[in-house]
Amino acid sequence: YQRRVHGEGKIILSLFRRCRMHKISVIVFGVILAFTHAANWAVLVAGSNGFWNYRHQADVAHAYQDLVKGGFNPENIITFMYDDIAGDPSNPFPGKIFNKPSNGTGRDVYAGVKIDYKGVYVTSKNFLGALTGKPAFAGAKVLKSGPEDNVFVFFSDHGGPGLICFPSDDLLAADLITALTTMHTNKMYKKFVFYLESCESGSMFDGLLKTTLGIYAVTAANKDESSWGTYCSPDDVVDNKHIGSCLGDLFSISWMEDVDVTNTHKETLEEQFHKLVARTNLSHVSRFGDLSYTSDVLADYIDGPSQKDNVESISLTSSNVSPYDAKLAMLNWRVQEVQNCRCVHPLYGDLQKVVAERDQELYERGRSSWIFSELWSRQTGSKEGMLDKSVAPRNFECLGQVRNAYRQYCGPISDYAQQFSRSIVNLCESGRTTENLVSTLLDICRL
């Protein structure tokens, strides 16, 4: 691969001159040229912001470190991170991010990470542009992969049926599949591995990803269930300090911690998949697409550190939190910390402040529950069946427009409220018009 070949131009020219007098010269030259022009590319995406979502950026930073230390060319990695965690006032280790607990100083996965899209540039539009090689704005870094290259994509954030989230917008499954199809049509890869961490992540591919695209996709959960945050309180400790947020996601840390300790030149995609199924014990790790090359070794797509010693062994933890409850769990922990210290906490402030923050979160949770319940009951005349999971999302235009209307008329869709996206799917798939659903939302949120 390109990342392992140095001085390729001189090597090719020298070898060609040596063998040009032989009948096999053209064949040899062609083989060498194809080999040296094969490369590995990666797109790493943390789609959230906020300290309660610490784990998503920690996941992506860890993935970046593993790829680079495994010999991946940093220029071939495109990284999306909002980049508000390392410098957050609540971070007990300013400028550092950790993806797992440690009894000692731990492994700072943030150091040296090159972020290509940060802040307001972390959007679904920019992600699709990066995938398809079409810059969404001048100077935007995009894939420049070709037909002999392997591509790896890792995404970590919230999601719902038929969508994954970015800080201020969504990526619908239909739009993702369209982008992947464009990549295939334009011969932007030889093989393609996609690891996706989000709730209901299986719905992004289930019944949608054709095997003919040559993409192998692995998801943290099936189409109907939550994924899980892990290394949460009380296990969120590095060097005797609590981080105050979950450090990782269960599926994500499972594949990366496996890469940290295994021989990636021997372990196959198939073998890792079965490890992920075993360790990700709160959801059903699923896979979709082209399974014909799962006998390939991990190093063909996801290489890791060549030096495997000094990796702290971490056992399975019971400190797991649903993504819907991660923010409330963080705020409850802060209230407890301030109550225990009976002081103005250096990171969180006084008791009045942290209690007010928790109360605001409880209010927002109640408000979003009421809005979605009201939308459902006004449309159906019933309180039953709102979160029924029997219908797959296929009316993506309706789903996207209703979620955008919620943002416009009712406010941001909180992490807690993501679970109610199922009710929008059920309404859209029942034949109700988008216009009617949007109008009802406007009436509700004007109250």
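This is a predicted model: local features need pLDDT of at least 70, side-chain atom pairs count only at pLDDT 80 or more; totals for chains, interfaces and linings use all residues.
How many salt bridges does a search of the whole structure find?

1. The search finds 21 salt bridges.

2. Asp-260 pairs with Arg-107 in a salt bridge, with 3.5 Å between the closest N and O atoms. Asp-260 belongs to helix 6 (residues 250-261) and Arg-107 to the loop between strand 2 (77-80) and helix 4 (124-132), so the bridge ties together parts 153 residues apart in sequence. Asp-260 is buried at 3% relative accessible area, whereas Arg-107 is partly exposed at 29%.

3. A salt bridge of 2.8 Å, N to O, joins Asp-296 and Lys-191. Asp-296 sits in the loop between strand 13 (286-289) and helix 8 (326-341) and Lys-191 in strand 7, so parts 105 residues apart in sequence are tied together. Asp-296 is buried at 13%; Lys-191 is partly exposed at 22%.

4. Lys-275 and Glu-267 form a salt bridge at 2.6 Å, N to O. Glu-267 is buried, with 5% relative accessible area, and Lys-275 is partly exposed, with 40%. Elsewhere, a network of salt bridges links Glu-200, Lys-223, Asp-224 and Arg-422.

5. Asp-59, in helix 3 (residues 54-69), is buried but has no salt bridge: Arg-55, the nearest side chain of opposite charge, is 6.4 Å away. The Asp-59 side chain does make a polar contact of 3.1 Å with the side chain of Asn-99. Residues that Asp-59 touches include Phe-154, Ser-156 and Asp-249.

6. Phe-194 lies in strand 7 (residues 191-197) and is buried at 0% relative accessibility. Its contacts include Val-153, Phe-205 and Ala-217. Phe-194 and Ala-217 are 23 residues apart in sequence, with their C-alpha atoms 4.6 Å apart.

Conventions
Residues are numbered from 1 along each chain as its sequence is written. Side-chain values use heavy atoms; hydrogens and water are left out. Helices (H or I, at least four residues) and strands (E, at least two) are DSSP runs, numbered from the N terminus. Buried means under 20% relative accessible area, exposed over 50%, partly exposed in between (1.4 Å probe, protein chains only). Lys and Arg count as positive and Asp and Glu as negative; His and the chain ends are not counted. A salt bridge is a side-chain nitrogen of Lys or Arg within 4 Å of a carboxyl oxygen of Asp or Glu. A polar contact is a pair of N or O atoms within 3.5 Å; within protein, one must be able to donate a hydrogen and the other to accept it, and residues adjacent in sequence count only if both atoms are side-chain atoms. Contact means heavy atoms within 4.5 Å. Lists of a residue's contacts leave out its neighbours within four places in sequence.
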